[in-house]
Amino acid sequence: MKKKFKLVDEKALWLMLVPVIAYFIIFKYIPVSGIIIAFKRYSPFKGIAASPWVGFLYFKQFFHSVYFGRVLRNTLMIGLLSIVIAFPMPIILALLLNGIKNRIFKKTAQTITLLPYFVSFVVIAGIAINFLSPSTGVINGIIKRLGGEPIYFMQQPQYFWFIYIALRIFKTTGYTAIIYLAALTAIDPNLYEAAECDGAGRFHKLIYITLPGILPTIIIMFLVRIGSLISVSFEEVLLLQNDVILSTAEVISTFVYRRGLIGADYSYATAVGLFETVVALFLVIFSNRLARRFKSEATLW
Amino acid sequence: MKRRSGSIIPDVILYLIVTLICIVTVYPFIYVLSASLSDPQALYENRVVFLPVAPFSVESYRLILRDSRIWTGYANTLFYVTFGTAINLIMSILAAYPMSRKRFSGRKFMNIFVSVTMFISATGMMIPLYLVVKSLHLLNTRLSILIVFAAFPFYVIILRSFFETIPEELFEAARIDGASELTILTRIVLPLSGAALATIGLYYLTNRWNGYFWAMVFLNDEKKFPLQVVLRQLIVLASMGEEMDANIGKAATNAEAVKYATIVVATLPIAVIYPFIQKYFVKGVTLGSVKG
């Protein structure tokens with residue numbers, strides 16, 4: 001039997017997509033094509049088309065400037081330090097919460113640790129700066145009470161990376177722990193019972209059942225983290241920066257902001273942004289490929 | 001089942017560690033609350049550690065609540081969050097529904113068209129996006145905040161994955177009964193997707209509530225600033241500034257308490273609401289992992 005109606009009304013579906021396609025073209029695809037100004041001496045008066053080509057001039061300028069080494073080092077150091085220090089935190093929190101048998105206590109603890117995730121980074125940065133203030137801050141208050149000299153945390157470059165990472169831990173640990181908690185509940189409880197029958201203690205169950213059970217999740221999360229190694233969030237870093245500590249606080253993305261949007265050095269900033277995009281893309285492809293290989297190997301998952 | 005002997009002590013340690021983590025997490029917020037209610041002089045002398053120090057004062061609240069910037073910021077944020085999230089949801093639904101229809105000819109194209117844009121980093125897009133917004137004469141308009149981030153490709157893909165879990169037969173049966181695509185979407189798909197819509201809606205909402213960067217870049221008229229941009233001025237920039245002049249005078253002590261009161265005023269609504277909506281975020285984590 002031939003149907004005279006269609007199972008899919010193509011025209012209606014394309015009609016729904018009109019605003020979507022328009023949006024993506026205007027605010028995604030046109031900006032992507034605008035990256036071309038990285039190779040031109042862009043002048044707002046001439047427009048993109050009429051601005052003269054300069055080839056890789058701005059890339060060379062960037063690579064030969066003092067900023068290149070500095071912002072690359074800061075970006076990578078923040079990325080690496082956050083992998084080493086911040087990455088294990090949600091795993092630890094999830095394991096701790098998972099070990100708690102009292103439902104109400106567990107639920108309450110989870111709700112409390114989730115609180116910072118809902119507070120904007122503007123507020124968190126504001127709290128941090130006030131906490132660390134040498135005059136009225138509570139941390140220096142304690143240092144002073146113990147007889148020490150107040151430390152100017154926000155004005156000495158050596159503290160910046162750690163302050164930033166501490167705030168990241170504070171804000172995201174509770175939320176990321178949910179992912180691991182979900183993985184933990186997926187572990188077959190029979191495994192634990194069997195292990196208990198064999199006389200396994202708490203520690204052995206952790207080493208032989210719990211950790212292997214969530215290892216695939218840990219590896220995937222780790223690879224995702226590697227993929228975004230270079231993309232340090234400018235929204236967050238920017239809030240903690242001030243001119244005195246830029247030597248450690250300036251990362252690629254905030255450098256692009258400062259040169260491009262504050263300094264109106266559009267072509268140069270776009271070139272730096274393109275450099276970041278290319279490196280980030282390589283990292284994403286690299287980590288995706290590893291993740292895929294890993295997924296096909298871990299057949300149990 | 002009976003507990004093995006000797007497992008009580010590790011349990012106690014476990015509860016202690018988790019309690020400690022909770023204390024560390026809430027301490028900053030309790031301190032902020034205490035500081036905002038304390039005698040400003042006590043704050044200056046570092047006497048506030050945990051609980052408010054008498055004589056209690058609500059003077060800082062009186063000052064901050066009289067500040068029109070906070071109210072304007074709140075009103076603007078309310079506007080951006082309400083209409084912005086509505087636009088986000090409508091656009092995401094309009095994108096995700098056709099992409100989820102297995103017989104739709106444009107399905108593959110749209111999937112690539114949307115996903116590819118996730119690969120360009122935010123830093124790479126920063127300047128070109130700004131120039132596009134500028135050339136469209138959208139700078140310093142409320143409209144820019146609403147439409148420049150009308151849809152996030154990642155959330156579109158998540159919603160599409162959710163729609164795909166609805167059996168295709170359901171759509172086709174409805175088609176046979178003469179239902180239009182719009183009817184299927186509004187009568188079948190949307191009612192079945194309440195939890196998924198709530199989840200991505202809340203993600204969009206938190207993005208809108210928390211974001212300050214693009215509002216700061218696009219807008220220069222204070223009357224249009226959302227709350228976060230105002231907060232950045234009142235509690236971040238102000239504090240950075242005064243930290244520069246090593247020792248601030250006594251005059252600034254009241255300003256300090258006002259800053260803490262500002263944080264309370266800006267955070268209290270969220271802190272009260274989030275325990276009731278957190279389950280959607282927990283759900284969102286599992287929704288996100290469906291993708292792929």
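1. Among contacts in chain A between residues at least 6 apart in sequence, what percentage join residues at least 24 apart? The value is 64%, and it is computed, as is every other value in this note, from a predicted model. In chain B the corresponding share, again among contacts between residues at least 6 apart in sequence, is 73% for pairs at least 24 apart.

2. Chain A contains 15 helices and zero strands. Its radius of gyration is 25 Å, well over the 19 Å that the globule rule gives for 301 residues, so chain A is more spread out than a compact globule. Taken along the principal axes, the box that the C-alpha atoms of chain A fill is roughly 90 × 80 × 30 Å, and buried residues account for 38% of the 301 residues of this chain.

3. Chain B, for its part, has 14 helices and zero strands, and its pattern along the sequence reads α-α-α-α-α-α-α-α-α-α-α-α-α-α. The C-alpha atoms of chain B fill a box of roughly 75 × 70 × 35 Å along the principal axes, while buried residues make up 40% of its 292 residues.

4. The domain assignment divides chain B into domain 1 (1–57) and domain 2 (69–292), and the centres of these two domains, taken over C-alpha atoms, are separated by 33 Å. Where they touch, the contact takes nine residues from domain 1 of chain B and nine residues from domain 2 of chain B. On the side of domain 1, the elements that give two or more residues are helix H1 (8–37) and helix H2 (40–44) of chain B; by class, that side has six nonpolar, three polar and no charged residues.

5. The contact between the chains takes 80 residues from chain B and 79 residues from chain A. Helix H14 (residues 252–290) of chain B contributes 13 residues, the most of any element on the side of chain B that touches chain A. That side is made up of 54 nonpolar, 17 polar and nine charged residues.

6. The largest nonpolar core has 125 residues, and those with the most contacts inside it are A:Ile124, A:Ala125, B:Ala95 and B:Leu159. Helix H7 (residues 121–132) of chain A gives the most to this core, with 10 residues, and the core also draws at least three residues from each of domain 1 (1–57) and domain 2 (69–292) of chain B. Beyond its neighbours within four places in sequence, B:Leu159 is in contact with B:Ser92, B:Ala96, B:Ala196 and B:Ile200. A second, separate core has 14 residues, among them A:Leu93, A:Leu97, A:Ala177 and A:Ala183.

7. B:Leu219 lies in the loop between helix H12 (213–218) and helix H13 (227–244) of chain B. Is B:Leu219 buried or exposed? B:Leu219 is buried, because 20 other C-beta atoms lie within 10 Å and the cut-off for a buried residue is 20 or more. Not counting residues up to four places away in sequence, B:Leu219 touches B:Asn140, B:Lys224 and B:Phe225. The C-alpha atoms of B:Leu219 and B:Leu138 are separated by 9.5 Å, although these residues are 81 residues apart along the chain.

Conventions. Residues are numbered from 1 along each chain as its sequence is written. Chains are lettered from A and ligands numbered from 1 in the order in which they are written. This is a predicted model: local features need pLDDT of at least 70, side-chain atom pairs count only at pLDDT 80 or more; totals for chains, interfaces and linings use all residues. Two residues are in contact if their C-beta atoms, placed from the backbone, lie within 7 Å. Helices (H or I, at least four residues) and strands (E, at least two) are DSSP runs, numbered from the N terminus. Ala, Val, Leu, Ile, Met, Phe, Trp, Tyr, Cys and Pro count as nonpolar, Asp, Glu, Lys and Arg as charged, and the others, Gly among them, as polar. A nonpolar core is a set of buried Ala, Val, Leu, Ile, Met, Phe, Trp, Tyr and Cys residues joined through C-beta atoms within 7 Å. A residue is buried if 20 or more other C-beta atoms lie within 10 Å of its own, exposed if 12 or fewer, and partly exposed in between; C-beta atoms are placed from the backbone. Domain bounds come from an automatic or database domain assignment. The radius of gyration is taken over C-alpha atoms; the globule rule is 2.2 Å times the number of residues to the power 0.38.
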